[in-house]
Number of protein chains: 2
Amino acid sequence: MADTIFAKILAGEIPADFVHQDELCVAFQDIAPQAPVHILVIPRKPLTSLHVAAQEDGELLGHMLRICSKVAGSAGLAEDGYRVVTNIGEDGGQAVEHLHFHVLGGRSLTWPPG
Amino acid sequence: MADTIFAKILAGEIPADFVHQDELCVAFQDIAPQAPVHILVIPRKPLTSLHVAAQEDGELLGHMLRICSKVAGSAGLAEDGYRVVTNIGEDGGQAVEHLHFHVLGGRSLTWPPG
């Protein structure tokens with residue numbers, strides 16, 4: 001596991017604007033927002049990406065998706081909607097080698113998604 | 001639950017090019033692909049979107065994400081990477097009111113994701 005910026009945020013070594021924290025994951029504002037609402041949800045467990053998640057991580061993954069939905073609701077996106085994205089590897093555009101879900105909303109997201 | 005095109009695919013009333021089927025979910029080729037690989041993963045359970053998934057659905061959600069990863073691997077995307085997307089509501093660009101994950105790859109996905 002590389003010592004990523006997300007590992008440093010989890011360790012409290014770099015500040016973040018948290019909107020959710022629990023025993024399995026945390027959520028905070030993306031520092032380079034691509035929409036009026038742009039929140040990241042990351043696991044405390046240092047999974048490199050979705051691609052390396054094992055069967056034992058299924059519960060964690062499901063929990064993280066529900067937290068995506070929860071923080072979207074708290075950000076006022078329940079009625080108008082939002083998009084949840086995770087990038088894997090170079091073609092996916094993955095910028096940090098620590099699993100993270102992007103929650104984007106507050107504008108009409110276009111298609112294709114990148 | 002509206003009688004969506006996905007409900008009809010699950011019922012066998014409309015054909016689809018399946019790449020995975022199990023007791024919880026199925027995966028098939030998107031009929032309007034936005035990338036060289038564009039697969040949809042949908043649950044058999046008729047959840048309208050991620051936003052309505054309850055705690056009891058956590059295991060299902062985690063399973064579906066792992067199937068996204070599995071079908072991406074089977075499509076040859078493990079090395080170069082891919083993107084997984086789910087749309088919720090109008091701003092998210094949700095086209096069918098049945099939860100679905102898009103798995104996109106085979107080209108470099110751009111940023112922002114829509």
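C25(A) has a relative accessibility of 0% and therefore counts as buried, a term that applies under 20% relative accessible area, with exposed meaning over 50% and partly exposed the range in between (1.4 Å probe, protein chains only). The model is a predicted one, in which local features need pLDDT of at least 70 and side-chain atom pairs count only at pLDDT 80 or more, whereas totals for chains, interfaces and linings use all residues. Residues are numbered from 1 along each chain as its sequence is written, chains are lettered from A and ligands numbered from 1 in the order in which they are written, and side-chain values use heavy atoms, with hydrogens and water left out.

The cysteine sulfur closest to that of C25(A) belongs to C68(A) and lies 8.0 Å away, which is too far for a bond, since a disulfide is a pair of cysteine sulfur atoms within 2.5 Å. In chain B, the sulfur of C68(B) has its closest cysteine sulfur in C25(B), at 8.0 Å, again too far for a bond, and C68(B) counts as buried because its relative accessibility is 0%. Over all chains, the structure holds zero disulfides.

A pair of aromatic rings is described by the distance of the centres and the angle of the planes. Rings of Phe, Tyr and Trp (its six-membered ring) pair if their centres lie within 6.5 Å, and planes under 30 degrees apart count as stacked, over 60 as edge-to-face and the rest as tilted. A search of the whole structure finds four aromatic pairs over all chains. One of them joins F6(A) and F28(A), whose ring centres are 5.7 Å apart and whose planes stand at 75°, so this pair is edge-to-face. Because F6(A) lies in helix 1 (residues 5–10) of chain A and F28(A) in strand 2 (residues 25–29) of chain A, the pair ties together parts that are 22 residues apart in sequence; helices (H or I, at least four residues) and strands (E, at least two) are DSSP runs, numbered from the N terminus. F6(A) is buried at 6% relative accessibility, and F28(A) is buried with a relative accessible area of 2%. F18(A) and F28(A) also form an edge-to-face pair, with 5.9 Å from centre to centre and 80° between the planes. This second pair links distant parts of the chain, with F18(A) in strand 1 (residues 18–21) of chain A and F28(A) in strand 2 of chain A, 10 residues apart. F18(A) is partly exposed, its relative accessible area being 30%, and ring pairs link F6(A), F18(A) and F28(A) into a cluster.

Chain A can be laid on chain B by a turn of 180° and a shift of 0.0 Å along the axis, with an RMSD of 0.0 Å, which is the relation of a two-fold axis. For this comparison, copies are superposed by least squares on the C-alpha atoms of residues with pLDDT of at least 70 in both. Of the interface residues of chain A, 100% are also interface residues in chain B, so the copies meet through the same surface.

N87(A) lies in strand 4 (residues 82–88) of chain A and counts as buried at 3% relative accessibility. Apart from its neighbours within four places in sequence, N87(A) is in contact (heavy atoms within 4.5 Å) with residues including H102(A), Y82(B), R83(B) and W111(B).
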